[in-house]
Amino acid sequence: MTKVAVLGAGSWGTAFTKVLAEAGTDVTMWARRGEVADTITNEHENPFYLRGFGLPATVTATTDPLVALADSSIVVLAVPSQTLRQNLAEWKDSIPKDATLLSLAKGVESGTLLRMSQVIAAVSGAEPERIAVLSGPNLAREIAARQPAATVIACSDSARAIAVQKACATKYFRPYTNSDVIGCEVGGACKNVIAIACGIASGMGMGDNTIASMITRGLAEITRLGVALGAKPATLAGLAGVGDLVATCMSPLSRNRSFGHVLGEGGSMERAQKAAHGQVAEGVKSCTSVRALSESYDVEMPLTEAVHRICHEGMEVEEAIGMLLGRRIKPE
Ligand SMILES: NC(=O)C1=CN([C@@H]2O[C@H](COP(=O)(O)OP(=O)(O)OC[C@H]3O[C@@H](n4cnc5c(N)ncnc54)[C@H](O)[C@@H]3O)[C@@H](O)[C@H]2O)C=CC1
Ligand SMILES: O=C(CO)COP(=O)(O)O
């Protein structure tokens, strides 16, 4: 039987563990805090990140990475994008030599501007064909409630993508394979930034025309960047692109959208952080790295630029809107 280690017991790590276990896969979690690991193992729930959802009794958790990683053929990296490098450096020597490394993180690393699969390759030394990413419209609480959803598992080695697909396919969670790792990662990282922009608009009381316009123009700028980095446009028109973008930009469950909503209502960055329920709103840091990437590839990303200026340069939201609408009019 496939044995999977899920490293990270936050909301998505926990919900994805539930999916794996309900698919009949043997899964062990690593949690940072002892009380989280103990509660998962003994009470079959993670009330710290995913209150109200029972986990199958087969799921156990530990704070010892060696125990979680022993004999695993798939290692799921379920920590925030800005801490993945540091976390993986501590785990890399305990990872079985031929295991597939599956990233759940959606972000671009600050400073290095690396995608998560690149961080994994750099830190672990694993060959690119051992590195996979999972990305799609997968809000953790909806998946935990077994609401039907689809996702994409991207890996350059199709046999590994299929092995991950089999390990997590259930009656409500439908994974598709894809070979376009870059497209999936660009879609996942950039949609968080556009979700902050949509949250700002909704917080200012703007309606569906505005949000739909931002989602669509957001997709245009994400696709421009993705193609410049080597992604296939079809990937960005699929689940890991438009699918995830729509879910995150529209859902009050999204931490990135919730973060933006508070800013749009006139709240401070601190208040916005609280609205993300103490969990990561990845777009806050990724907006700066995505903007830097776009500059180095000479790709225009006006919505990303506006979110960066609001979050990190103190620009007022009204001024940012003026900047966006004051741009030269042009063909679509
Ligand atoms: N929550 C969701 O609905 C989804 C999240 N994602 C992505 O999955 C990744 C993980 O997200 P979540 O599980 O939701 O995050 P979270 O904020 O709920 O949990 C993060 C987990 O990482 C652990 N961790 C380890 N080292 C850490 C450190 N130095 N600082 C902070 N946390 C540390 C925390 O203890 C916690 O268990 C993110 O990149 C996110 O964008 C992707 C799809 C859905
Ligand atoms: O990635 C997600 C849904 O696919 C979760 O979005 P948030 O990180 O904004 O909550």
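A residue counts as buried if 20 or more other C-beta atoms, placed from the backbone, lie within 10 Å of its own, as exposed if 12 or fewer do, and as partly exposed in between. This is a predicted model, in which local features need pLDDT of at least 70, side-chain atom pairs count only at pLDDT 80 or more, and totals for chains, interfaces and linings use all residues. Residues are numbered from 1 along each chain as its sequence is written, and chains are lettered from A and ligands numbered from 1 in the order in which they are written.

Q: Why is helix α15 called largely enclosed by the rest of the structure?
A: Helix α15 (residues 302-312) has 11 residues and eight of them are buried, so the helix is largely enclosed. The buried residues are L303, T304, E305, A306, V307, H308, I310 and C311. Helices here are DSSP runs (H or I, at least four residues), numbered from the N terminus, and strands are runs of E of at least two.

Q: What covers the buried residues of α15?
A: The cover includes α8 (181-203), α9 (208-229), α12 (255-264), α14 (283-296) and α16 (317-325). Just after α15, G314 has a positive phi of about 70°.

Q: What makes the contact between α4 and α5?
A: The axes of α4 (residues 84-91) and α5 (residues 116-124) come within 9 Å and cross at roughly 35°. Axes are lines fitted to C-alpha atoms, for helices over the stretch in contact, with angles from 0 to 180 degrees between N-to-C directions. L84, R85, L88 and A89 of α4 meet M116, V119, I120, V123 and S124 of α5, where contact requires C-beta atoms, placed from the backbone, within 7 Å. These residues divide into seven nonpolar, one polar and one charged. Ala, Val, Leu, Ile, Met, Phe, Trp, Tyr, Cys and Pro count as nonpolar, Asp, Glu, Lys and Arg as charged, and the others, Gly among them, as polar.

Q: Which domains supply the shell around ligand 2?
A: Domain 1 (3-179) and domain 2 (186-325) each give at least three residues; their bounds come from an automatic or database domain assignment. The surrounding residues number 13, the closest being N138, L139, S254, R255 and N256. A residue is near a molecule or strand if its C-beta atom, placed from the backbone, lies within 6 Å of it. Helix α11 gives the most to this shell, with three residues.

Notes
Two residues are in contact if their C-beta atoms, placed from the backbone, lie within 7 Å.
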